[in-house]
Amino acid sequence: MSPGNGPQDADAEGTSGISRREVLLTVGGVAAAVCAGAAIWGVLEFFVSKQHAVGSGLNVTYLQVVMVLGTLACVLGVILSIRTARTRFDDVGAARKDINIGVARVPALVFARLVALMALIVLPAGAVFLANYHTFEGVHEVRGCASCHVMLPMVNDMRDPGSETLAALHYKNKYIAKDQCYHCHSDYGLGGSLEAKMTGFRHLARYTTRTYQEPIKARVKFDNNNCLNCHEGTPKWVAVESHVESHKELAANQMTCLECHGEAHPTAAQRTPGSSDYSRLMERMK
């Protein structure tokens, strides 16, 4: 090998391999994205739980902000993915030029790889995060439950002044001011158990793929604590002797509140296609 080939070989090695700086930039980018996602999650949780207003007098909800951010993440991800697909990394590496990214100047090859990282990992992960946040927070509202065809019987019955189910009694007597479904099924929320979240995803998958059968049946047992959170310890609850006597069984879900207080929603027979109540229960919410 001639001495003149030394610098050329060294340059080839430098452009073909991945430098320590590139690895650190990549790891740092992923870590920053994870930290930013965690910070955004915490901030959104704080504002949503405190029911703060967005801006000063603007009629904008945090769910709408999340939806806009998610849409922007998807659009930007598609644009960067197209750019990445059209990038010839060999040519970029041979160009030997630096690009100013605002806080520093990085080699063109490093910049192309950072764009690929954003397009293929960071933005998709951010879009998934925002979509899940929107889904979990969206189910707080009654209309969020009513958006699924199979949940219309529960929502319509709850809003029926003539119904005597527990959900309808709570609704028409205004025992719960808003987000009535969520208050009795709060284990599906962001603070709920992993099992409840997995059950929610299973429901979504079955509904989306139309692999369910009517009437739908719950595979999980209702948690009495969703009732006890509001009723336990109140003077009216304590005044009932059976409540006090059965408290341990109720708290441990060894018996259900429905055994004494009747159905929470329409029965399976009423929700079966062809029943006399089916058409009334399946009317689209206005």
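Tutor: Begin with the largest nonpolar core, whose 10 residues are Val142, Cys145, Ala146, Leu152, Val155, Met158, Ala167, Cys181, Tyr278 and Met282. A nonpolar core is a set of buried Ala, Val, Leu, Ile, Met, Phe, Trp, Tyr and Cys residues joined through side-chain atoms within 4.5 Å, and buried means under 20% relative accessible area, with exposed over 50% and partly exposed in between (1.4 Å probe, protein chains only). At least two residues of this core come from each of helix H6 (142–146) and helix H7 (152–158), where helices (H or I, at least four residues) and strands (E, at least two) are DSSP runs, numbered from the N terminus. A second, separate core has six residues, including Ala73, Leu80, Val115 and Leu123. This is a predicted model, in which local features need pLDDT of at least 70 and side-chain atom pairs count only at pLDDT 80 or more, while totals for chains, interfaces and linings use all residues. Residues are numbered from 1 along each chain as its sequence is written, and side-chain values use heavy atoms, with hydrogens and water left out.

Student: Which residues does Cys181 touch, not counting residues up to four places away in sequence?

Tutor: Contact means heavy atoms within 4.5 Å, and by that rule Cys181 touches Val142, Cys145 and Met158.

Student: Why does Val155 count as buried?

Tutor: Val155 has a relative accessibility of 1%, and therefore it counts as buried. Val155 belongs to helix H7, and its C-alpha atom is separated by 7.5 Å from that of Cys145, which is 10 residues apart from it along the chain.

Student: With which side chain does the side chain of Ser163 make a polar contact?

Tutor: A polar contact is a pair of N or O atoms within 3.5 Å; within protein, one must be able to donate a hydrogen and the other to accept it, and residues adjacent in sequence count only if both atoms are side-chain atoms. Here the partner of Ser163 is the side chain of Asp157, at 2.7 Å. Ser163 lies in the loop between H7 and helix H8 (166–172), and it counts as buried because its relative accessibility is 7%.

Student: How should I read a pair of aromatic rings?

Tutor: Such a pair is described by the distance of the centres and the angle of the planes. Rings of Phe, Tyr and Trp (its six-membered ring) pair if their centres lie within 6.5 Å, and planes under 30 degrees apart count as stacked, over 60 as edge-to-face and the rest as tilted. The count here is one aromatic pair. The ring centres of Tyr207 and Tyr212 are 5.8 Å apart with their planes at 15°, so this pair is stacked. Both Tyr207 and Tyr212 are buried.
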